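Let's take a walk through this structure together, one region at a time.

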Amino acid sequence: MRISRAIAMAKKDWKRIIREPAFLFIIILFPVIITVAFGTSFGAVGGSQPSALSVAVVSLGGNSTASNQFLHAMQATGVVKVGPFVDNKTAQSMLSQGQVQAVILLPSSFDSTVESFKAHPSDPGLWTNSTIQVYLDRASVLSDQVVPTVVEQVLGQGILGIKPATQALPFALSTPSVVKVQGQSVFDSFAPGLFAFASIYMIMIVAQSYTTERDNGMLSRILVTPATSGDVVMGSVVSYLVIGLVQALLVFLCVYALGYHPVAGPTAILVGFYIITVFALCNIGFGLITAAVSRSAGAATGISFVFLMPQLFLGTFVGSALSSTAQEAGRFLPAYYVTDALTSLFTRGASITSASVLTDLAVVSASSVVILIVGVQLFKRFGSR
Amino acid sequence: MQRETNPVAVAIAIEGLTKDYGDIRAVDDLNLTVSEAEVFGLLGPNGSGKTTTINCLTGLLSPTKGSIKVGGFDVRGEVEKAREIMGVSPQETAVCPYLTGRENVQLFGELYSVPKQALRARADNVMEKVGLIDDADRRVSKYSGGMKRRVSIAMALVTDPKIVLLDEPTVGMDPQARREVWDFVVELRDRGKTVLLTTHYMEEAEELCDRVGIIDHGKLIALGSPAELKTKYGARDLEDVFLQLTGRRIREGA
């Protein structure tokens, strides 16, 4: 095997990616478009805060001092958008039409409850207890996580001057939650999965590339030169590793521009890029397996989905929204470990030497090498003619 | 079966070549030598075994039996050395449509490890010879069928190989382009190159080939110069010889 021949093959593949619109779209533009679409839809575009949930507040006791104080404290959080008081009927109508994601119903006893607490903060027996109703939009993933927590914090710190987690409150909430918000958007949970998502489509491109060149006789022609099948495969490995790196860089720049700022240092980011690049080997292997069993380039496109779809659904950002059973099934796929490693490194700030990251790295590396070897052998045995 | 010998230096030596695909015998005990600086035409109906023979010559297929030597190198044991002295233009117009004509030619130069400094000049030289120098920087996807055939031939010749295998080199070409390729083949012979070509055009074989071998059902059924064969079979041209030996029934196959 000669590296100069492998590089000649790699240059050919790069030119194909750049010059053939379908390839360029799938490999480079599609990941960028998906990232921008998700980023602008779920991310923090246009400011440092996530797209806020809209909340309507109804004060059954009228425009009182305490209820006004609550309204202003809610507005001051910046986590939710709160307009002026509305009546209950209007609020429920807005909720049913998706104009707000939650309705907070302050009881008529709201002021007296606040006053009783302030008069006897350490004597719950003298409090006038009351219940705040929180109606949530069932179609909003975030509303049940965010709104009750914000209400609880506003009541405690904004109105009563206490930490709600350390002291009892004279209010009961209908749907309390323990999730901390801390300015995160849905996009923050999606972003690590976008790297694997972009790379997975390489399966289709590799399969199409090999089957097309096999069908038009180019592959046979190359194999009757002094170039060996090893040179050809090494050429693909070189070209698609570089393409994988370019994809990762583009996705990284996009997610960063769209508000996802990894908490990782430069070393952890480099390790993340390394994992994504190694994952490209796995996708080249799946592409070769696809080409080996496909009789034409058209068939290769369809068959590539056999490898593409499970990884897409169980191994990328999509997996986090699936059932626990589906999430467990994802553990059999390399993409799952790529997304898990990137989530640990970029979002959770895990150390590169943490057991979780090292395990992910080991699984991705070992499985990618095995899948590549299987792909090369199958293609040499069944796919090259 | 005919066994053919030649005292001149042998470029290609095929002995007892047999190739089976399951129960089908594509090539049956073929014996043939092609001398250096000879243009040899391998003729036969569709599915007669011509392309299988070429694929065995290039090492793309392993023979079931027999041996093949190219430039003295055994294709089974020293295939890489044999390939280094061969240029192959296959039956399919096997080119990369997304590359320019020059890039296709240069790619093959790189696969043969032609030095980078010499590659551009060599690519231009062969593109000039096949009449494509003015279109060298256009993508091959924009070429006509005949132009693709010509760039395919240029790809086979960029390394200035000692032995050139041309599998139906003028299919789809107009008369002018075909004539240009013919001139080029004659020039190759004049420069001492060995050319083995397959063709369905009998006038092409008659015009270019020093000798022809007619192959049918995998067997060599006639061998000699076009003039010898015409005399032997009392035919007015090579097409008559071909039809006398292979019949008039239309064949299907590769």
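In this predicted model, chain A holds an open sheet of five strands in the order S2-S1-S3-S4-S5, with mixed pairing. Which strands stand at the edges? They are S2 (80-82) and S5 (171-173) of chain A; each has a single partner strand, so one side of each is left without a neighbour in the sheet. As you step from one strand to the next, the twist averages 25°.

Take a look at the S5 side of this sheet. Strand S4 (residues 130-136) of chain A runs parallel to S5(A), and three bridges join the two. To find one of these pairings on your screen, pick Thr131(A): its bridge partner in S5(A) is Ala172(A).

Helix H3 (residues 65-77) of chain A lies across S1 (53-59), S2 and S3 (102-106) of chain A, running at about 140° to S2(A).

H3(A) has a helix partner as well. Helix H5 (residues 110-119) of chain A packs with H3(A) at an angle of about 90°, and their axes are 7 Å apart. An angle from 65 to 115 degrees counts as roughly perpendicular, and H3(A) and H5(A) are therefore roughly perpendicular to each other. Where they meet, H3(A) brings Thr65(A), Ala66(A) and Ser67(A), while H5(A) brings Phe110(A), Asp111(A) and Val114(A). Sorted by class, this contact has three nonpolar, two polar and one charged residues.

Now step back to see chain A as a whole. Its 385 residues include 15 helices and five strands, and buried residues make up 46% of the chain. Among its contacts between residues at least 6 apart in sequence, 79% join residues at least 24 apart.

How confident is the prediction here? The mean pLDDT of chain A is 84, and 89% of its residues reach 70 or more. Within the chain, confidence is highest in helix H11 (residues 266-293) of chain A, at 93, and lowest in S5(A), at a mean of 76. Over residues 46-50 of chain A the pLDDT is below 50, and this stretch has seven contacts in the model beyond near neighbours in sequence. Residues 176-182 of chain A also have a pLDDT below 50, with 12 contacts in the model beyond near neighbours in sequence. Where pLDDT is low, the predicted coordinates should not be read in detail.

Next, turn to the place where the two chains meet. Here 20 residues of chain A are in contact with 19 residues of chain B. On the chain A side, helix H1 (3-19) and helix H9 (218-223) each supply at least two residues, and H1(A) gives the most, with seven residues. This side of chain A divides into seven nonpolar, five polar and eight charged residues.

Helix H1 (residues 50-57) of chain B has eight of its eight residues buried, so it is largely enclosed by the rest of the structure. Among them are Lys50(B), Asn55(B) and Leu57(B). After H1(B) comes Gly59(B), whose phi is positive, near 85°.

Our last stop is Pro97(B), in the loop between strand S6 (86-89) and helix H3 (101-111) of chain B. With 18 C-beta neighbours inside 10 Å, Pro97(B) counts as partly exposed. Not counting residues up to four places away in sequence, Pro97(B) touches Arg139(B), Val140(B) and Ser141(B). Its C-alpha atom is separated by 8.0 Å from that of Lys142(B), 45 residues apart along the chain.

Note on methods. Residues are numbered from 1 along each chain as its sequence is written. Chains are lettered from A and ligands numbered from 1 in the order in which they are written. This is a predicted model: local features need pLDDT of at least 70, side-chain atom pairs count only at pLDDT 80 or more; totals for chains, interfaces and linings use all residues. Two strands pair if DSSP finds at least two bridges between them. Helices (H or I, at least four residues) and strands (E, at least two) are DSSP runs, numbered from the N terminus. Axes are lines fitted to C-alpha atoms, for helices over the stretch in contact, and angles run from 0 to 180 degrees between N-to-C directions. Two residues are in contact if their C-beta atoms, placed from the backbone, lie within 7 Å. Ala, Val, Leu, Ile, Met, Phe, Trp, Tyr, Cys and Pro count as nonpolar, Asp, Glu, Lys and Arg as charged, and the others, Gly among them, as polar. Angles under 35 degrees count as roughly parallel, over 145 as roughly antiparallel, 65 to 115 as roughly perpendicular and the rest as oblique. A residue is buried if 20 or more other C-beta atoms lie within 10 Å of its own, exposed if 12 or fewer, and partly exposed in between; C-beta atoms are placed from the backbone. pLDDT is the predictor's confidence in each residue, from 0 to 100.
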